[in-house]
Amino acid sequence: MAKRMRLDKLLSNMGFGTRSEIRKVVKQGRVTVDGVIVKDFGMLLDPEAQTVMFDDETVIYKDTIYVMLNKPQGVISATEDKRERTVLDLLDPEDQVLQPFPVGRLDKDTEGLLLLTNDGKLAHELLSPKKHVPKTYEALVHGDVDASDQDAFAQGVTLEDGYETMPAKLIIGEKESREDGVYSSITLTIHEGKFHQVKRMFESVGKKVVYLRRISMGPLLLDESLPLGAYRPLTEAELESLQNAHR
Ligand code: URA
């Protein structure tokens, strides 16, 4: 069935201004629909079939949004909160219009890759426990992470609440001695997403994660050129790879 939408809503959803700004420019005759100037801002149209132009710019209609955020510490993975800043607060107002939400959660003190979308179906597929979508994290761990931890994680460890984790791949990087002991840089790939999972896995082997960031989720890799707190739309190729990976 054809989609019918008000002209002022279409323009505000596509980031051309607030509803009241848009009503003004429509009345000024700066907007055309199929080549004809329209001054009725409440006009109903089919945004997929009709051509809307604002001054000389064609209004490209989209009703989905997919962005990759490099989440900084200090913001929570929620859409709203009374006290805390959320990842949504990092988006420009025009990118909030389509009501994206974070796909899964990173802790307040975790950095890195977070996908935000309003595509509930894709989010559901990426988060489904049945799909085992791999997620890779880099961490700094207080403790001397060694081959016994690699073996334990490869077998699956028991968390403090009795949950047995699925096999996970632990790669050990550089180590550093400090006054309070050894710190290990590691990379860990897990295939599930229990609450505080990476931190709890290290707790189960008596070690503490002191820094954590996510670098991938399924086929999606964190764009290292994004500064902390910055975001960008997914490329067509990234979106396709996500859509195809877990069907
Ligand atoms: N595991 C954690 O412990 N925290 C995160 O934010 C993500 C995975």
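Me: What makes the four strands E3-E2-E5-E6 a sheet, and is their pairing parallel or antiparallel?

Reply: Keep in mind that this is a predicted model. The four strands sit in the order E3-E2-E5-E6 as an open sheet, and they pair in the antiparallel sense.

Me: How do you know that E2 and E3 pair?

Reply: Two strands count as paired if there are at least two bridges between them. Strand E2 (residues 31-33) and E3 have two bridges, antiparallel ones, so by that cut-off they pair.

Me: Why are E3 and E6 said to stand at the edges?

Reply: Strand E3 (36-37) and strand E6 (57-58) each have a single partner strand, so one side of each has no neighbour in the sheet.

Me: Which residues touch the most other members of the largest nonpolar core?

Reply: That core has 30 residues, and Phe153, Ile186, Leu188, Val198, Met201 and Phe202 touch the most other members. Strand E12 (181-190) and helix H6 (197-204) are among the elements that each supply at least two residues.

Me: What does Leu188 touch?

Reply: Leaving out residues up to four places away in sequence, its contacts include Tyr137, Phe153, Val198, Met201 and Phe202.

Me: Which residues belong to the other core?

Reply: That one lies apart and has 17 residues, among them Leu11, Val31, Phe54 and Tyr61.

Conventions: Residues are numbered from 1 along each chain as its sequence is written. This is a predicted model: local features need pLDDT of at least 70, side-chain atom pairs count only at pLDDT 80 or more; totals for chains, interfaces and linings use all residues. Side-chain values use heavy atoms; hydrogens and water are left out. A nonpolar core is a set of buried Ala, Val, Leu, Ile, Met, Phe, Trp, Tyr and Cys residues joined through side-chain atoms within 4.5 Å. Buried means under 20% relative accessible area, exposed over 50%, partly exposed in between (1.4 Å probe, protein chains only). Contact means heavy atoms within 4.5 Å.
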